[in-house]
Amino acid sequence: MPQPHRSPRKYLSGHHPPELVLIDGGEHEPLPIRVAPFPDEWATSWLRRLAWRYDIAPNKFFDQLGYRRKIHTVQAITTRLKTNAHGLADHLMLSELERAYLSAQPPLAQATRYYASEYGLIAGPTRSARFCPLCLAADTAYWRASWSQPLMLCCLEHHVALVNTCPGCHQALMTERTWATAPIPLWQCTERLPGRPGSGKHRPRCDHDLRTADTIPVDNQTVEAQRYLLHLADTSDPGIHTVAGFRATRAQCFSAFVEILTDALPSGTDVLDPATEPQDVLPALPVAAEILHAPNPHRAATIAHDNGI
């Protein structure tokens, strides 16, 4: 049985993390200390926190429970949590509710996927995620599930733009399988450093401290516009809403917001592309919100015209 630890550890070359231990009868007993997920936590973040707590590579939790395929995507993690195959959720001491919100897609992801399907666009599951340096520097640091969504542009708590890439290696985060091969703190970049194609050399991990990334402040009006977009993405209340003097469903309101957002940006800017820099899209957020909040179509058209839409 692995023992929890609190101090950071660095492994020397050739040294491997300890493995899980079977108890008598070939069964895995529950872990001695439970690492509870946060309600809005990305499944990958929770698994990394669990691995860091026990000084074990995330993949080891699955290897020792009988999974043959390596686990390195959010979808693979959530599928196994849903089914509870091999008693995974029981071994990791997850309640049914915790399993549900770890495996559920954020409302923003569901709304974005529906919008994309309606317009014939591409908005599949994303492997990378943006991040807030201030959230990762907090005592209760964790990655929010919404950070993996291209329309999540700023941190609602710290009022800063989310960051797209590591300031050290300048790559998108969580795209390599490396995060699952060792216990790595959440504030550390898990990407391998870029290498020369065809060199055949092992590329070391970046390990840059993501908490040192520069932050771009975001004003209250823009933060409230982001909240409004999240509100429109929440399908738990699918009732009729009034926008710009028209009555529409929540899905129609969400689509209208994204359409206005796209029209307010320079031609060629793809708001559904995770590689698009948040700071390039953020100025258009309050414009879209103001148009939809207009009391009538005439006022909405005036606001749109004044902003070059």
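Student: How many helices and strands does the protein have?
Tutor: This is a predicted model. Buried residues make up 47% of its 309 residues. Of the contacts with a separation of 6 or more, 62% are between residues 24 or more positions apart. As for secondary structure, the count is 12 helices and 4 strands.

Student: At what angle do helix α1 and helix α3 pack, and is that parallel or perpendicular?
Tutor: Helix α1 covers residues 43-54 and helix α3 covers residues 74-83, with their axes 9 Å apart. The angle between them is about 80°. Angles of 65 to 115 degrees count as roughly perpendicular. That makes α1, relative to α3, roughly perpendicular.

Student: By class, which residues make up the contact of α1 with α3?
Tutor: From α1 come Ala-43, Thr-44, Trp-46 and Leu-47, and they meet Val-74, Ile-77, Thr-78 and Leu-81 in α3. Sorted by class, the contact has 6 nonpolar, 2 polar and no charged residues.

Student: Is Thr-44 buried or exposed?
Tutor: Thr-44 is placed in helix α1. Apart from neighbours within four places in sequence, Thr-44 is in contact with Val-74, Ile-77, Met-174 and Trp-179. Its relative accessible area is 3%, and the limit for burial is under 20%. Thr-44 is therefore buried.

Student: Which helices do the buried residues of α3 pack against?
Tutor: The buried residues of α3 are Ala-76, Ile-77, Thr-78, Arg-80 and Leu-81. Ile-77 and Leu-81 are also among the α3 residues that meet α1. The helices that the buried residues pack against are α1, α2 (58-63), α4 and α5.

Student: Within what arc do the buried residues of α5 fall?
Tutor: Helix α5 spans residues 96-103, and its buried residues are Glu-98, Arg-99, Leu-102 and Ser-103. Seen down the helix axis, these buried residues line one face of α5, because they fall within an arc of 120°.

Student: Which residues are exposed on the other side of α5?
Tutor: The buried residues of α5 pack against α1, α3 and α4 (88-91). On the other side of the helix, the exposed residues are Glu-96 and Leu-97.

Student: Which residue's side chain makes a polar contact with the side chain of Gln-149?
Tutor: Gln-149 sits in the loop between α7 (133-136) and β1 (154-155). With a relative accessible area of 11%, Gln-149 is buried. Its side chain makes a polar contact, at 3.2 Å, with the side chain of Ser-148.

Student: What is the phi of His-159?
Tutor: His-159 lies in the loop between β1 and β2 (160-161). A relative accessible area of 24% makes His-159 partly exposed. Most residues other than glycine have a negative phi. His-159 is not a glycine, yet its phi is positive, near 55°.

Student: Where is Asp-207, and what is its phi?
Tutor: Asp-207 is in the loop between β2 and α8 (220-233). At 25% relative accessibility, this residue counts as partly exposed. Although Asp-207 is not a glycine, its phi is positive, about 65°.

Student: Which residues is Ala-182 in contact with, leaving aside its neighbours within four places in sequence?
Tutor: Ala-182 is found in the loop between β2 and α8. It is buried, with a relative accessible area of 13%. Ala-182 and Ile-56 are 126 residues apart in sequence, while their C-alpha atoms are 6.6 Å apart in space. The contacts of Ala-182 are Ala-57, Pro-58 and Arg-205.

Student: Which residues does Asn-296 touch, not counting those up to four places away in sequence?
Tutor: Asn-296 is located in the loop between α11 (285-292) and α12 (297-306). Asn-296 and Ala-244 are 52 residues apart in sequence, but 4.8 Å apart in space, C-alpha to C-alpha. The residues touched by Asn-296 are Ala-244 and Gly-245.

Student: Which residue's backbone nitrogen lies 3.2 Å from a polar atom of the side chain of Asn-296?
Tutor: Asn-296 is partly exposed, with a relative accessible area of 30%. A polar atom of its side chain lies 3.2 Å from the backbone nitrogen of His-298.

Technical notes. Residues are numbered from 1 along each chain as its sequence is written. This is a predicted model: local features need pLDDT of at least 70, side-chain atom pairs count only at pLDDT 80 or more; totals for chains, interfaces and linings use all residues. Side-chain values use heavy atoms; hydrogens and water are left out. Helices (H or I, at least four residues) and strands (E, at least two) are DSSP runs, numbered from the N terminus. Buried means under 20% relative accessible area, exposed over 50%, partly exposed in between (1.4 Å probe, protein chains only). A polar contact is a pair of N or O atoms within 3.5 Å; within protein, one must be able to donate a hydrogen and the other to accept it, and residues adjacent in sequence count only if both atoms are side-chain atoms. Axes are lines fitted to C-alpha atoms, for helices over the stretch in contact, and angles run from 0 to 180 degrees between N-to-C directions. Angles under 35 degrees count as roughly parallel, over 145 as roughly antiparallel, 65 to 115 as roughly perpendicular and the rest as oblique. Contact means heavy atoms within 4.5 Å. Ala, Val, Leu, Ile, Met, Phe, Trp, Tyr, Cys and Pro count as nonpolar, Asp, Glu, Lys and Arg as charged, and the others, Gly among them, as polar. The arc is that of the directions from the helix axis to the C-beta atoms.
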